[in-house]
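Student: I have this one open in the viewer and would like to go through its side-chain packing with you. Can we start with the aromatic residues and move on from there?

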Amino acid sequence: MIYCCRSTSIGRFSKPRIVCDILKRTMPDPRLLAEALAILLAPVLPVLVGAGGKAAGKAVEEVGKQAGAVVTDKVKEIWNRLRGKVEEKEAAQEAATDLAQRPDDKDLQVVFRHQLLKILSADPALAALLEPLVLASTTTQVQVRDQGVLATHGGMAAGPGGVVVGGNVTGGVHVHPPGAAPSPSPDRPDPEATLRSTYLKRLMEQVGVLSLAGIDPAAAQGEAELSLDAVYTGLRTRSGEDVPEVETTHERRALSALEQLNRHRRLVLLGDPGSGKSTFVHFVALCHAGELLGHPQVNLKMLRAPVPGAQNKKQPWKHGALLPVRVVLRDFAARGLPPAGEPVTALHLQTFLATELKEACLGEYVPFLFEHLRQKGGLLLFDGLDEVPEADHHRDRLRQAVEGFVQTFGECRVLLTSRTYAYRNQGWRLGGFAEAELAPFDRAQIESFVRRWYGQVAATGRLGGEEAQGRAQLLLQVVLANERLRGLAERPLLLTLMASLHAWRGGSLPERRQQLYEDAVELLLNLWESHRVVQGPDGAPRLMQPSLAQYLDAGRDQVRQVLEELAFEVHARGDLAGTADVGEGDLVTRLMRLRRKPEANPAQLVEYVSQRAGLLVPRGVGLYTFPHRTFQEYLAACHLTDHGFPGVPADLGRRDPDRWREVVLLAGAKAARGSAFAAWSLADCLCPEAPGAEPSVEDAWGAHLAGQVIAECADLEKVGRADAAKLERLRQWHLHLLRSGQLPARERALAGKTLARWGDPRPEVMTVDGMGFYPVPAGPFRMGEGEEAHEQELAYDFQMARYPVTVAQFQEYVRESSEQSGDAGSLRGLANVPAASMSWREALAFCRWLTARWLASGRLALGWEVTLPSEEEWEKAARGIDGREYPWGEGADLERANCEETGISTVSTVGCFPAGRSPYGCEEMSGNVWEWTRSLLEGRAAREDLTASSPRVLRGGSYGFRSRFVRCAVRYSNHPALRYRDVGFRLVLLPFSSDL
């Protein structure tokens, strides 16, 4: 006999249901048994699994007060019989351990119950053994709430409207309040379970295929489909795992998208177009649905698979299988919002979901779905917040609906996706939601995706296994060896395009981004515009539907020109993020103007375009859109190359760079294919004059865009005299962009990269002998912070380097000293960024080489040396004498340092953060790279002993650490022989030998 009590509270664990069933079965019901076991075990798990602690003892004491000591003995017996099965399964062991640490956590209770259900369902004998023990243990007093029951060991009572059943019961006794539906009998299928299964299977079909429509013609024609579960590659975010200040390691592990969703009950996942946001939503929905359906491969185990490069460490998911509900917010905005002016509530979103299910013949499941979300929770997946059109203030109204819905269904976990810029810069932020931004693919993710992609292509039969493996290796060699292609491959959408085009072309791949877009557009246009032929009964081909050009009797180029014009116009008036809507009336009217066949009529044309997917896809009633903003931008760029180039795109880019930047760059790339002159002409229009005393922001953006055009499109090995003057003008502008605050930090970092491609002209950055140093006087200063703050005094003057040592300067050392870097790859990047992946010993060897060089040249006075700063010297140079928190003063400032929140996510050109300089003029002392000191981590005496092999102190923080870790007083350490990608060094000039 199992007691499943609803609308009651047992101890600290509430079950907000409305029926109390007292069941006696020949075979135990695993679901009810698992629920009862979870109720009995949860309070005492801290003791049972050895978590220990006062909280655990208190939990057992509380149970003892309610039910007597005999309950604890029985529960121990139950656990002894169950423990072996729990420890056999990693997920079950993890669920028990987590719940033992937080026994009040509702989510962890659900996960534990789910794992118990799996164990009991797989082992009926164990279930039969445990049932009488559970029954004997159900002596815990039940507090009556509303209309319920009260059951105690040895006595019975009932509240208003309740029923008391005594003695032995055979068969089933079901007690329901008036009007409640009876529970399904054992021999009759549960209608809710049947409907839920149908719902989940339909959802899996919707999200389970990676859409290649318009990219791979064979796939688009139904000859091949790529299963999402076969090609999906785990995603990382830009956020790293917080490291306690006591840690001595500084390598931060980037959190995966799933880890973020696991940590945060409500999460906004941000990313650039094509970064994988929607694919992640689909994969999460797919795996949860598969787990609930008992799918052997597509399940939570697949969801938790390691992200490539994570050393086989599984991703955490501690909340069990949740009922997934996916909402494409653009569809809701088009079909679910009330007319403008009417108030918007959560009911509109609920009604939209109900309507969608009814149209799918799942109307009977609607009440079950919302009851489940209310009582048990689920996983709400809101996709594409930034793709909602702004017309009629849809975004504000949609936000009201989402916030209201999330509040109503408060038991649910929530994931919402949006483009980064749109969410952070247009007042979109939702209260109570954490944020995480997707990171670009790294090498391991690129390799994993390509191999999985070609493996799936082989599985479809389109290629043999060996040929597919060879194609995958060939594509990886081409992509990873080419800096530009690798940059493209970091975005999942473009990597998918590259893989598709590579397979379709038999192993060739265009190099430039613009050419990739052109090829993709042609494939999409071919699908959208082409005729359809089927095989007739006699085996002969039969034309079912002509191409659009044939239907209109118009040229294919004319059709494309209409689309390019539409793309330009909707991009001009659309939002700063997402794709814009193309009205059906406007589309049909423009296409009808091309017709030369009188029989072509608008109604037939509407039917034609609405049934096609390609360069335009239907999106709501009477609305179409481009399949991705990338194509909208590229087609708009194509329009501009034929209409007003270069003056019009230059003017648009200068005035509204947030909207037109990508369009301008693509227009320049397209025009430059026909003539190199086009790129220089566009750059000249964007940046017609050298920087004056007070240049405008418009001029600054023009120079910034001009630099990107030249960096992407021009052949810098073939620069004529006139163009050389333009290039020099751009160099001067980019130096101004680095030093001024006219552009935000991320744009300054990009300007620094652009400058590096032309050759940074600053001798203090690019040469050893050009290094600059600033004097730091002797005297006392405030060192440390908090309890460790104290007065420190340096008895000598010294000079600290303005910047950390750069790649160019370390390359000069390698060339002239014949020494080799321990990490040669660290010197292949940009020349004007800090040299990283440097061991302490390499840094010290550089110092000794430079000391000898400068003594020989007379740059260094006799008795002085170049070395690494001590910890005290570094901190005084960074913060002056007043003990300030950061070099610039108090409080973090993301415009003054390259840290994690700044969003640059890698080393940046030195000089990007002049406003972050220290009181003595030193720059980059907070963030960018950690800097070696010559000080040992431990000990007071002889801390600068250069012969010791103990860990050395690191100071300053890096681009991968949050702002609180780039304070002046933060200290880490590392072994002198080790190297990390965010560790560099800075020089100091001392009036004595540090070897003494």
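Student: Is phenylalanine 283 buried or exposed?
Tutor: Phenylalanine 283 is buried in this predicted model, because its relative accessible area is 3%, under the 20% limit for that class.

Student: What aromatic pair does phenylalanine 283 form?
Tutor: Phenylalanine 283 forms an aromatic pair with tyrosine 232, and the pair is stacked, with 3.8 Å from centre to centre and 10° between the planes. Tyrosine 232 is buried as well, with a relative accessible area of 11%.

Student: And which parts of the chain does that pair tie together?
Tutor: Tyrosine 232 lies in the loop between helix 10 (228-231) and strand 11 (236-240), while phenylalanine 283 belongs to helix 12 (residues 277-293), so the pair ties together parts that are 51 residues apart in sequence.

Student: How do the rings of tyrosine 796 and phenylalanine 798 sit, then?
Tutor: Their centres are 6.2 Å apart and their planes lie at 55°, so that pair is tilted. Phenylalanine 798 is buried, with a relative accessible area of 1%.

Student: How many aromatic pairs are there by this rule, and which residues form one cluster?
Tutor: The count comes to 23 aromatic pairs, and one aromatic cluster is formed by Phe810, Tyr813, Phe846, Trp849 and Phe985.

Student: Where do charged ends sit over rings?
Tutor: The charged end of arginine 748 sits over the ring of phenylalanine 913, at 5.3 Å from its centre, and arginine 859 lies over the face of tryptophan 854, 4.0 Å from the ring centre.

Student: Switching to the nonpolar core: which residues of the largest one touch the most other members?
Tutor: That core has 174 residues, and those touching the most other members are Tyr199, Phe280, Val327, Phe382, Phe405, Trp453 and Tyr454. Helix 32 (residues 697-713) gives the most to this core, with nine residues. There is also a second, separate core of 40 residues, which includes Phe810, Leu850, Leu860 and Leu987.

Student: What does valine 327 touch?
Tutor: Leaving aside residues up to four places away in sequence, valine 327 touches Phe332, Leu349, Phe352, Leu353, Leu381, Phe382 and Asp383. Among these, Leu349, Phe352 and Leu353 are also listed as buried residues of helix 15, together with Ala346, Ala354 and Leu357.

Student: What covers the buried residues of helix 15?
Tutor: The cover includes helix 8 (191-207), strand 14 (324-328), helix 14 (329-335), helix 16 (366-375), strand 15 (379-383) and helix 17 (394-408). Helix 15 itself (residues 346-359) has 14 residues and reaches 20 Å from its first C-alpha to its last, close to the 20 Å expected at 1.5 Å a residue. Helix 15 is followed by cysteine 361, whose phi is positive, near 65°.

Student: On to salt bridges: how many, and what does lysine 118 pair with?
Tutor: The count comes to 49 salt bridges. Lysine 118 forms one with glutamate 291, where the closest N and O atoms are 2.4 Å apart. This pair links distant parts of the chain, since lysine 118 is in helix 6 (residues 106-122) and glutamate 291 in helix 12, 173 residues apart. Lysine 118 is partly exposed, at 35% relative accessible area, whereas glutamate 291 is buried, at 12%.

Student: What about networks? Which residues are linked in one?
Tutor: Glu871, Glu872, Glu875, Arg879, Arg943, Arg955 and Arg971 are linked in a network of salt bridges.

Student: Last one: where is arginine 739, and what does it touch?
Tutor: Arginine 739 is found in helix 33 (residues 721-739) and is exposed, with a relative accessible area of 53%. Not counting residues up to four places away in sequence, arginine 739 touches Arg762 and Pro914. Arginine 739 and glycine 911 are 6.8 Å apart in space, C-alpha to C-alpha, although 172 residues apart in sequence.

Notes
Residues are numbered from 1 along each chain as its sequence is written. This is a predicted model: local features need pLDDT of at least 70, side-chain atom pairs count only at pLDDT 80 or more; totals for chains, interfaces and linings use all residues. Side-chain values use heavy atoms; hydrogens and water are left out. Helices (H or I, at least four residues) and strands (E, at least two) are DSSP runs, numbered from the N terminus. Buried means under 20% relative accessible area, exposed over 50%, partly exposed in between (1.4 Å probe, protein chains only). Contact means heavy atoms within 4.5 Å. The expected span of a helix is 1.5 Å times one less than its number of residues. A nonpolar core is a set of buried Ala, Val, Leu, Ile, Met, Phe, Trp, Tyr and Cys residues joined through side-chain atoms within 4.5 Å. Rings of Phe, Tyr and Trp (its six-membered ring) pair if their centres lie within 6.5 Å; planes under 30 degrees apart count as stacked, over 60 as edge-to-face and the rest as tilted. A charge sits over a ring if NZ of Lys or CZ of Arg is within 6 Å of the ring centre and within 35 degrees of the ring normal. A salt bridge is a side-chain nitrogen of Lys or Arg within 4 Å of a carboxyl oxygen of Asp or Glu.
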